[in-house]
Amino acid sequence: MNEAISGFSKLSKAEKIKLIAKHYFTDAGSAENLVKSYWNSDEKLQQLHDEFIENTISNFYLPLGIAPNFLINGKFHTVPMATEESSVVAAAAKAAKFWSTRGGFKTTVINTEKIGQVHFMFKGAKDKLQSFFNMIKPDFFAETQSITKNMQQRGGGILDIELRDKTDLIDHYYQLHATFETKDSMGANFINSCLEQFAQTLKEKANEHDGFSETEKEVRVVMSILSNYVPNCIVKAEVSCAVSDLQEKNIENPQLFAENFVQAVTIAKVEPFRAVTHNKGIMNGVDSVVVATGNDFRAVEAGVHAYAARNGRYTSLSDARIENGNFHFSLDIPLALGTVGGLTTLHPLVKFCHQLLGKPSAQELMQITAAVGLAQNFAALRSLTTTGIQQGHMKMHLNNIINQFEVSAEERDIITKYFKQHAVSHSAVVDFIKNLKTN
Ligand code: MEV
């Protein structure tokens, strides 16, 4: 099919599936059945999922795994992780266990400020705009009162609004740069509603401001939107122990291990190609918790990587050092998370995950998530600087390859035993299974 589809959104779910199956699949019946096989038999639950987005035809599953034994600030947590990548949950669980016998994770929320901006164009005298802004600043607060009332009762609200001159970047470009505290909600709707009201107030007040010329009265608002860059919404997670306490299987020489580990982090600090992969490993853990708890992983990803490049060069989010015979490993990460509103109240499995975590506040969830990110980074660097990553990874991957074939329990056992002794590669496993089947 190589033509535009018109009126797709108006079709019923069944019609949408039929149309797609007919036009894109040679075996339309099988395609249709596959899509439907992912529907939930509980019609109400299915409807709930259908209504999360538009043009829904089915569900797209991600496995939900559990990483137990996260000792964070003296309290054990059992962490839900939604991810498709093999080894991630196992690595988190292994790192959590390791650190649970070495004092656990210490986490601290450094700050929780969110940011939003009204981007606008003003053709006129800067000093006049500044004094106009100073004069109407209280109006921004007053005219958003109906929006901020509930948030203020919860201890949040608008923290400050600044006028920012951006004319060095683009002629006539200014911003209202506002900061917010949104407590347990991620706050996107709250912030965007406030910003749109600020924009309205700005335009109206400018239009009726006697001190402005006719051109100056024509403030042109381009857009009003929160920023997912949250460099003042930071949580820190750390672990530390005596270097000698690092000794374990695969860590026979703890001093050498610690030195190699610190070296690996130092490389990620100075070398962007490595830093990106290093941080990707951290995000394996962070995203899994963010998804499981119904938070916006795209927002978190965007903000985290911008933060990693905040000094003009992309660098490691984590840091490691050896000091007075002690190994220290830490992570500073911006995480704008919510534990109320949005999917947290709608998605049954998301609710389950929050319950599993003991219904955390947003700040507690920031801390748990950061601990998982640090654990993931520890697990990756531990493998990379000792056995290499492939050994563990391919063992986990083996299962995924086996699952592509119809094998009996007995055959699975034979395959698994064989690949305990032999290197796992996709073709080696496929060949072995084919051989097994023909003999
Ligand atoms: C794989 O998903 C993540 C790693 O590449 C992270 C890293 O290299 O630090 C193992």
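**Figure 1. A salt bridge between aspartate 160 and lysine 137.** In this predicted model, aspartate 160 and lysine 137 form a salt bridge in which the closest N and O atoms are 2.9 Å apart. The pair links distant parts of the chain, with aspartate 160 in strand E5, which covers residues 157-165, and lysine 137 in helix H5, which covers residues 126-142, the two being 23 residues apart. Aspartate 160 counts as partly exposed, at 30% relative accessibility, and lysine 137 also counts as partly exposed, at 24% relative accessibility.

**Figure 2. A salt bridge between glutamate 411 and lysine 437.** Here the side chains of glutamate 411 and lysine 437 meet in a salt bridge, with an N to O distance of 3.0 Å. Because glutamate 411 lies in helix H16 (residues 409-421) and lysine 437 lies in helix H17 (residues 426-438), the pair ties together parts that are 26 residues apart in sequence. Glutamate 411 has a relative accessibility of 18% and therefore counts as buried, the cut-off for that class being under 20%. Lysine 437, with a relative accessibility of 41%, counts as partly exposed.

Figure 3. A search of the whole structure finds 18 salt bridges.

Figure 4. Glutamate 32 and lysine 36 both lie in helix H2, which covers residues 28-37, and they are 4 residues apart, a spacing of about one turn of the helix. Their side chains meet in a salt bridge with an N to O distance of 3.2 Å. Glutamate 32 is buried, with a relative accessible area of 14%, whereas lysine 36, at 32% relative accessibility, counts as partly exposed.

**Figure 5. The surroundings of valine 219.** Valine 219 has its place in the loop between helix H8, which covers 214-217, and strand E7, which covers 220-227. With a relative accessible area of 8%, valine 219 is buried. When its neighbours within four places in sequence are left aside, valine 219 is in contact with Phe120, Met121, Phe122, Leu202, Lys203 and Ala206. Alanine 82 is 137 residues away from valine 219 along the chain, and the C-alpha atoms of these two residues are separated by 46 Å.

**Figure 6. The whole protein, as a setting for the close-up views.** The protein contains 17 helices and 10 strands, and its C-alpha trace spans about 90 × 70 × 40 Å along the principal axes. Of its 439 residues, 44% count as buried, and the protein exposes about 22900 Å², of which carbon and sulfur atoms supply 52%. Among the contacts in the protein with a separation of 6 or more, 71% are accounted for by residues 24 or more positions apart. The protein has 44 positive and 47 negative side chains, and the centres of these two sets lie 5 Å apart.

Technical notes:
Residues are numbered from 1 along each chain as its sequence is written. This is a predicted model: local features need pLDDT of at least 70, side-chain atom pairs count only at pLDDT 80 or more; totals for chains, interfaces and linings use all residues. Side-chain values use heavy atoms; hydrogens and water are left out. Buried means under 20% relative accessible area, exposed over 50%, partly exposed in between (1.4 Å probe, protein chains only). Contact means heavy atoms within 4.5 Å. Accessible areas come from the Shrake-Rupley method with a 1.4 Å probe; for residues, only the protein chains shown count as cover. Lys and Arg count as positive and Asp and Glu as negative; His and the chain ends are not counted. The place of a charge is taken as NZ of Lys, CZ of Arg, CG of Asp or CD of Glu. A salt bridge is a side-chain nitrogen of Lys or Arg within 4 Å of a carboxyl oxygen of Asp or Glu.
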